[in-house]
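User: I have a structure open and want to talk through it. Can you take my questions as they come?

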Amino acid sequence: MDKFVCKNCGLCCKEESLNDDKTEYPRFSPNSYIYYYHKPTLSLFEWEAKTLQEEAKKQGFNLTIVPYKVIYDQKNKISLVIQYTFKETSCPFFKENKCSVYNKRALVCQLFPIQIGSISDLISGMNEFKISICPNDMTREQWADFLGARINTKEFVSNMHERYGESYLALLERDLLLKESNDWAKYIVDLGLIEPATPDLKVEKIKNKIEKYPQISLIDFMIKHTGLNALGFIYESNDLKHAKLFVKNLNK
Ligand code: SF4
Ligand code: SF4
C-alpha cells in the first residue's frame, strides 16, 4: 500500500470535521451501562484532558473539561468517568491553520487521517466503516477493494502500518486503552464494587444525578479500590509501547 502523506490542509481539525457526530446526547450506549453525557469535540482520556488543560493555561485561556463517557454508580452515588471532552465546539488549539499543541496532542488527534471507531469496525465490513474526511485518504471504493481482498489479519495490520505508520499505532493504542477501560468497568461490576445505572432508567434522571453527585475518573476508582497499577499502564501507553508490541507480534 502507498504511504499516506498528510498535506497539512488542516481540514481534520476544523469545527465541521470535529462536530460531524449526529447522534443524540445524552444517551446510553445500546445494551450497556455506559452513558454518553456530553457530545465530544475530542474524546480524551483523563491524562490527555489534564495535559490539554495545562497547555491551555500556558497559552492564557481556560479549557472547560466535562465528562464524555460515564458510568453512574447507584451504589456509591458517584459517576465514574471513562473519557472526557471539552465544552468548546471547536478546538481552541487550532491556530493559524495548524495545531499549537502538536507534540502533546491526544491519541484521537494522532490517528488522523484515520477516522474509525475501532479495528473491529474496519474488519467487520463497509457498513459500519466511517470513511475519513481527509481528501488525501482512500475513497470508499478504494477501501472496498482493500477490504474485499480478504487479506488475513496479519496482512491487514502490516498494510495499515505501512500506509499510516504512527497514526495507525495511535489508533491501535486508543483501541487497546478503550478495551482495557471496558474490561476494568466489567471487573468492578462483577466484583460488586459498583452498581451501574442501566438504560431502563430515564436518560434525564441519570443526567441530573451525574451533575449532582461527585465525579471521579474510572482510573482513580480502580487505583483506590483494587490497587491496580493503572497509572503504570497509562504512562507506558503514552509512548505507544503497547501498540508497537502488538504490531510486532502480529508481524512475526
Ligand atoms: S488538538 Fe491539535 S490536532 Fe487535535 S484537533 Fe486540536 S488542533 Fe487539531
Ligand atoms: S490528515 Fe488529511 S485532512 Fe488532516 S491535515 Fe492532513 S491532509 Fe488535511
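This is a predicted model: local features need pLDDT of at least 70, side-chain atom pairs count only at pLDDT 80 or more; totals for chains, interfaces and linings use all residues.

User: How many helices and strands does the protein have?

Analyst: The secondary structure comes to 11 helices and seven strands. Of the 252 residues in the protein, 27% are buried.

User: And what share of the contacts links residues 24 or more positions apart?

Analyst: Counting contacts with a separation of 6 or more, 68% are between residues 24 or more positions apart.

User: On to the sheet. What is the strand order?

Analyst: Five strands form an open sheet in the order E1-E2-E3-E4-E7, and the pairing is mixed. Strands E1 (27-28) and E7 (215-217) are at the edges; each has a single partner strand, so one side of each has no neighbour in the sheet.

User: In which sense do E4 and E7 pair?

Analyst: Strand E4, residues 78-86, pairs with E7 in the parallel sense, over three bridges. Ser-79 is found opposite Gln-215 in E7.

User: Which helix lies across those strands?

Analyst: Helix H8, residues 203-212, lies across E1, E2, E3, E4 and E7. H8 runs at about 110° to E3, which is residues 65-73.

User: Lys-212 is in that helix. Buried or exposed?

Analyst: Lys-212 is exposed, because 9 other C-beta atoms lie within 10 Å of its own, and a residue counts as exposed at 12 or fewer.

User: How is Lys-212 placed relative to Ser-79?

Analyst: Their C-alpha atoms are separated by 9.7 Å, with the two residues 133 apart along the chain.

User: What about H9, which residues are buried there?

Analyst: In helix H9 (residues 218-226), the buried residues are Leu-218, Ile-219, Phe-221 and Met-222. Viewed down the axis of H9, they fall within an arc of 160°, so they line one face of the helix.

User: Why would residues three or four places apart point the same way?

Analyst: An α-helix has 3.6 residues a turn, so residues at that spacing point the same way.

User: Switching to ligands. Which residues surround ligand 1?

Analyst: Ligand 1 is surrounded by Cys-13, Leu-42, Cys-91, Phe-93, Phe-94, Cys-99, Val-101, Arg-105 and Cys-109. That shell divides into eight nonpolar residues, no polar ones and one charged.

User: And ligand 2, what is around that?

Analyst: The residues around ligand 2 include Cys-6, Cys-9, Cys-12 and Cys-134. Also among them are Lys-7, Phe-112, Pro-113 and Asn-136. The shell of ligand 2 has seven nonpolar, three polar and one charged residue.

Terms used
Residues are numbered from 1 along each chain as its sequence is written. Chains are lettered from A and ligands numbered from 1 in the order in which they are written. A residue is near a molecule or strand if its C-beta atom, placed from the backbone, lies within 6 Å of it. Ala, Val, Leu, Ile, Met, Phe, Trp, Tyr, Cys and Pro count as nonpolar, Asp, Glu, Lys and Arg as charged, and the others, Gly among them, as polar. Two strands pair if DSSP finds at least two bridges between them. Helices (H or I, at least four residues) and strands (E, at least two) are DSSP runs, numbered from the N terminus. Two residues are in contact if their C-beta atoms, placed from the backbone, lie within 7 Å. Axes are lines fitted to C-alpha atoms, for helices over the stretch in contact, and angles run from 0 to 180 degrees between N-to-C directions. A residue is buried if 20 or more other C-beta atoms lie within 10 Å of its own, exposed if 12 or fewer, and partly exposed in between; C-beta atoms are placed from the backbone. The arc is that of the directions from the helix axis to the C-beta atoms.
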